[in-house]
Amino acid sequence: MTRTDGPILCFGELLLRLSPPGHGPLFRESRLDANFGGAEANVAVALARLGRSSGVISAVPDDVVGDAAIDALRRCGVDVSRIARSDGRLGLYYLAPGAGLRASAIVYDRQNSVFATRAATAYDWPTLLAGAARLHLSGINPAIDSAMADICLAAMTAARAIGVPVSFDGNYRASMWAKWCADPAAILLPLVDRADLLFGNHRDIALLLRRPLDGSTPQGRREAALAAFDRFPNLRHIASMSREVRDAGCNVLRARIDTPTDIIETDAIEVSGIVDRIGTGDAFAAGVLSELGVGGGEGAAEEAARAAQTGLALAVLKHATPGDQSETTPRDLATFREGGFDVRR
């Protein structure tokens, strides 16, 4: 049975991020800063910092690197009891942060990691998901290879069988898909079929439906959402965050949640002086997940509006935080909502 007070379980790969200090190019400096991340783990951390019970289902090396990765989650209050250990390596990625008109760039080094090579038979999904409030995963997992795509399908199928709702973040990574799959939609369609909440915009929907969709107007964005609801009858919400990139240090963000009958859209917020853009979409997802389905007593539209506002707030605040993960607490969130940027004394 699903428990609304149970943990939100995030299934995905833990990664080590290596990036130069400041905003210089890769390998220009004599050192690289190390941080742990990974899309689903980032969501779990952001939820835990908000006081929401969360856990990670993953696999890491049985060595000091794996110890450090697990400890990074445990210190944030994330349940790590579902993380397996075995011989092998942790996946990593290099980040070249953007500056001015130079965009950020990421290079992955995650082939043959412990997570990527873990056998499907190693996952006892009914046991892993017992008591969960939700299963959350993203399109990064199935982009690894066909075996991982099958594991994701098994996880989502098992969740639905025991009444655990499923959220899926598109998180399309073209460089990963290009290595092995010419038609990602064929892999993604049965996954999104099993989700009740999709994080994605008109571009994600166009990929899934294999046809162009215009997201340049409000009407076009609504038509894309309705097309997704028509194709995926299990969907109840589609959450998205639009971003206008003025340069690497200044973006304009707006959040939106579509339901089959309603549109909830926030005002735009300009984010300047960006410290670190990586993980902002994960922070947005966590903010939405922290509010949807918590039983606040208001109507569905009011709950969705609160979820959109919380997701946007977490995303905005993450831009001021180095590393992959949100550090926003309920107190930080309340302060942000009050407004004002002077020193708090």
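1. Which residue in strand 9 is the bridge partner of leucine 137? The partner is phenylalanine 168. Strands here are DSSP runs (E, at least two residues), helices are runs of H or I with at least four, and both are numbered from the N terminus. Two strands pair if DSSP finds at least two bridges between them.

2. A word on the basis. The model is predicted: local features need pLDDT of at least 70 and side-chain atom pairs count only at pLDDT 80 or more, while totals for chains, interfaces and linings use all residues. Residues are numbered from 1 along each chain as its sequence is written, and side-chain values use heavy atoms, with hydrogens and water left out.

3. Strand 9 has a partner in strand 8 (residues 134-138). The two run parallel and share four bridges. With helix 5 (residues 146-161), strand 8 and strand 9 form a right-handed β-α-β unit. Right-handed means that, with the strands pointing away from the viewer, the path from the first strand over the helix to the second runs clockwise.

4. Strand 9 also pairs with strand 10 (residues 197-199). The sense is again parallel, over three bridges. Serine 167 stands opposite leucine 197 in strand 10.

5. Now the side chains of strand 9 (residues 166-169). Val166 and Phe168 point one way, and Ser167 and Asp169 the other. All are buried, that is, under 20% relative accessible area with a 1.4 Å probe on protein chains only; exposed means over 50%, and partly exposed lies in between.

6. Next, empty space. Rolling a probe the size of a water molecule over the atoms shows where such space is left. The search uses a 1 Å grid over the protein atoms alone: a cavity is a set of points where a 1.4 Å probe fits but cannot get out, a pocket is an open set with protein on both sides within 12 Å along at least five of seven lines, and lining residues have an atom within 4 Å of a point. Points are joined across faces, edges and corners, and a volume is the space filled by probe spheres set on them.

7. How many cavities of 30 Å³ or more does the whole structure hold? The search finds one. The largest cavity has a volume of about 60 Å³. Its lining includes Phe168, Tyr172, Leu188 and Asp204. Helix 7 (184-192) and helix 8 each give two or more residues to this lining. Helix 8 gives the most, three. By class there are seven nonpolar, one polar and one charged. Nonpolar covers Ala, Val, Leu, Ile, Met, Phe, Trp, Tyr, Cys and Pro; charged covers Asp, Glu, Lys and Arg; the others, Gly among them, are polar.

8. The second largest pocket holds about 430 Å³ of space. It has 22 lining residues, and Gly215, Arg221, Met241, Ser242 and Arg243 are the closest to its centre. Helix 8 (202-209), helix 9 (218-231), strand 11 (237-247) and strand 12 (250-258) each supply at least two lining residues. Strand 11 has the largest share, six. The lining divides into eight nonpolar, six polar and eight charged residues.

9. Disulfides number zero, taking a disulfide as a pair of cysteine sulfur atoms within 2.5 Å. For cysteine 181, the nearest cysteine sulfur is that of cysteine 152, 13 Å away. Cysteine 181 is buried, at 13% relative accessible area. Cysteine 250 also counts as buried, at 13%.
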